[in-house]
Number of protein chains: 2
Amino acid sequence: MSRNTIFLTCSIVLNLLLFHSWYFHGEWEQSWTKSATAEAEFVASISCSGHGRAFLDGSIVDGKPVCECNACYGGSHCSVFLPECIADADSGDPMFLEPFWLKHAASSTIVVPGWHRMSYEFNDDSLISKELDAQIRETSCTVQALSTTNHPSSPSRVVASTPYYPIYKEQTEFFNSEDYKFEGDTSLCNNNNGCKGNFIELVTSPNNPDGQLKKAVLQGPSAKTIHDFAYYWPHYTPIPALADENLMIFTLSKLTGHGEADLDEAVHQRMLTYMNLSTYGVARETQLRVLKLLKVAVENEGKEMFNFGYQTMRNRWRKLSKTMSLSKWFSIQELETQFCSFSERVRGATPAYAWLKCEREEDKDCNAVLHSVNITGRHGSLFGAESRFVRLSLVKSDDDFDLLLKRMGTLVSQENNNDGINKIMTHTNEFIGTDKCTG
Amino acid sequence: MSRNTIFLTCSIVLNLLLFHSWYFHGEWEQSWTKSATAEAEFVASISCSGHGRAFLDGSIVDGKPVCECNACYGGSHCSVFLPECIADADSGDPMFLEPFWLKHAASSTIVVPGWHRMSYEFNDDSLISKELDAQIRETSCTVQALSTTNHPSSPSRVVASTPYYPIYKEQTEFFNSEDYKFEGDTSLCNNNNGCKGNFIELVTSPNNPDGQLKKAVLQGPSAKTIHDFAYYWPHYTPIPALADENLMIFTLSKLTGHGEADLDEAVHQRMLTYMNLSTYGVARETQLRVLKLLKVAVENEGKEMFNFGYQTMRNRWRKLSKTMSLSKWFSIQELETQFCSFSERVRGATPAYAWLKCEREEDKDCNAVLHSVNITGRHGSLFGAESRFVRLSLVKSDDDFDLLLKRMGTLVSQENNNDGINKIMTHTNEFIGTDKCTG
């Protein structure tokens, strides 16, 4: 056999092997997942200059999904900064974790076939998959609900310490129920002053808006306490001790940053009844997604996600604190460093919100003062506090925070310039005064 | 150049092309969607003998997802029929459409990356994507809500015609609101008999449980009507005319068969408030899935899905009607053939439920009679009707329906055997009687 013939034989064998491999991949690609995968990869590959994102269910222009720009950015690729735009620090949308999920794309993606879990119920008649239930327990999300099974003879009075999360008031009032009435600040009912009947005290810790770790104020058999631990995650606060209260609410959205993954409603019977009547359980594809996300979140005991979250929030708080330290007209809450049992060291503050106070007597409407430099926050009055307070959200995207910080810097430098002018004015007045006196 | 050399050159070129192609696919496969795709394809490939299914979030045994068997089937591959098992015709779980979605796997699958729409809101501050909103409108799902914006001075009285969907009563009573009271049957308030105040009449058409097309009974300025068109789809009823009422509720779950895709709550402001307070909108991955499913559902004007649904339900109703025609002790509702403006021809009945009546005087508790042959349905009393009625669900899986039909056949043949025995007994008694008389 000539050398050429040997080469040719080898080459043909290689041809056959490669063809088999190519054909096999080809076949694999023809599977039912191909079109959805290609679509998702294409959308993810659209460039939006780091200031926006294209989505699978986004608007279509000329047959292609287009960029949805972050606030204050525009143009077809979100590359244009809109200078007159308002820095919106109102909502508590935890977008600061988006970069974490972009980094963990491969492990956090799900493929949902059209026939996935079409049934109303799982085959054990429950509304939540056993796997997700187990995963939530692993994430220490013990979710419970207020278990007054029958309508009580007199309505329970719902209270919270000022400043408090305004949705409590809205939720209680929306249902206009005979069972619950929102009464406002806990202190109104603390000193045995006209405070008969059943009480439900809502305790948010760390508190929304001011980030303080809180304890229940009311005691005794007629007082029930609901602990809202929505922000009790290492992103937002040192964890001094494991949460171990009777009635606790956790929110997965504040853990993973996914706005839709609220699982407040879960375990107790009355809450199950509510779920049955309102939405018949959490959507199956949501359960699948939450399961996947939680698996990533708790990998390596959650160290990576919590570390990412902590570093991001710590940097933001440091930058804002530095800016605010130059001001006398504005202040933000003071938060102590504390030992964190989760990270096993003393940690600085990383609150989800700044609780800004306008210190000058004339600045009674603090949000109006902020509007003068194109910032908007959430009015203190919504939290049962004075209007000279404003809640500023620090959990939004990098773009949002950067703009907020820049505008706060403008505000503080205006003060310092004004202060300079005021000093000059004071000198001038003194001079004029002196002049007058001597004149 | 020798012939061999030419062959060798060609072969090497082919090798290079194939290698490039293989390498390219290799790279493509390394993308972030690979692991989720492989997982979904693997789970879908698990065989469960046609009597069950493995799911992505199903139980894991030895590191592999296992089959979840349909009711009345067992074994690791669901191949074992469980003969003593109860035919459960209670819930209205529309699983009859699962084969349609299996057939349309490629077009109905979605890939959801971990970073998909993490924000609480879309960038137009809404809670629903524009694309989905447009798609729902295309599907003619005009969803509206009761628009009493302020709490009225006296509670509205909620009524419905017997037999009615029991959840109305439960929902109204659960919230224990000062605004609404459930009063029961419409007829109690029809003859100007103690019927002052505001009324809200709930009209379900076709009706749940009995499949009849219904109209509002109450008229006048103090009566508001809510039309529940959950079953007003060509699967379940001829469509005599386009739905065009003031307040209409549609449910996507009964359209596509996906238990979780309820979008009852949507357009009006008060309903938006409710969504805000209870779950802050429909989960983003659910919206993505609904968008995808609706696109498949309305392809070619929905002809394929509606035809599949109609044929399936028509076959079921024919088989059940044939069995029941042999019985005098049991009857099912009569439904007229009607012109269907959607399919442009006269169509036979295809109700979602059989409304079974036990005709014998002594069979006052019809569900108890069914229990004797291992069938369970939903008690007529839950629909405000007599207990000699039972609602039997016809929309569940093929396995469920087949078993129901078989057991109903057993019941009817028992009757006919009994009837035979009775005739013999009558003859015997006559004979004995005669004997006695002559004795």
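This is a predicted model: local features need pLDDT of at least 70, side-chain atom pairs count only at pLDDT 80 or more; totals for chains, interfaces and linings use all residues.

Residues are numbered from 1 along each chain as its sequence is written, chains are lettered from A and ligands numbered from 1 in the order in which they are written, and side-chain values use heavy atoms, with hydrogens and water left out.

Strand S9 of chain A (residues 156-160) has five of its five residues buried, so the rest of the structure largely encloses it; buried means under 20% relative accessible area with a 1.4 Å probe, protein chains only, and strands are DSSP runs (E, at least two residues), numbered from the N terminus. S9(A) pairs in the parallel sense with strand S10 of chain A (residues 180-185) over five bridges, where two strands pair if DSSP finds at least two bridges between them. Within this pairing, Val159(A) stands opposite Gly184(A).

In the largest nonpolar core, which has 137 residues, Leu392(A), Met408(A), Leu392(B) and Met408(B) touch the most other members; such a core is a set of buried Ala, Val, Leu, Ile, Met, Phe, Trp, Tyr and Cys residues joined through side-chain atoms within 4.5 Å.

Over all chains there are 26 aromatic pairs, meaning rings of Phe, Tyr and Trp (its six-membered ring) with centres within 6.5 Å, counted as stacked under 30 degrees between planes, edge-to-face over 60 and tilted for the rest. Phe96(B) and Tyr236(B) form an edge-to-face pair, at 5.9 Å centre to centre and 75° between the planes, and both are buried.

Terms used:
Buried means under 20% relative accessible area, exposed over 50%, partly exposed in between (1.4 Å probe, protein chains only). Helices (H or I, at least four residues) and strands (E, at least two) are DSSP runs, numbered from the N terminus.
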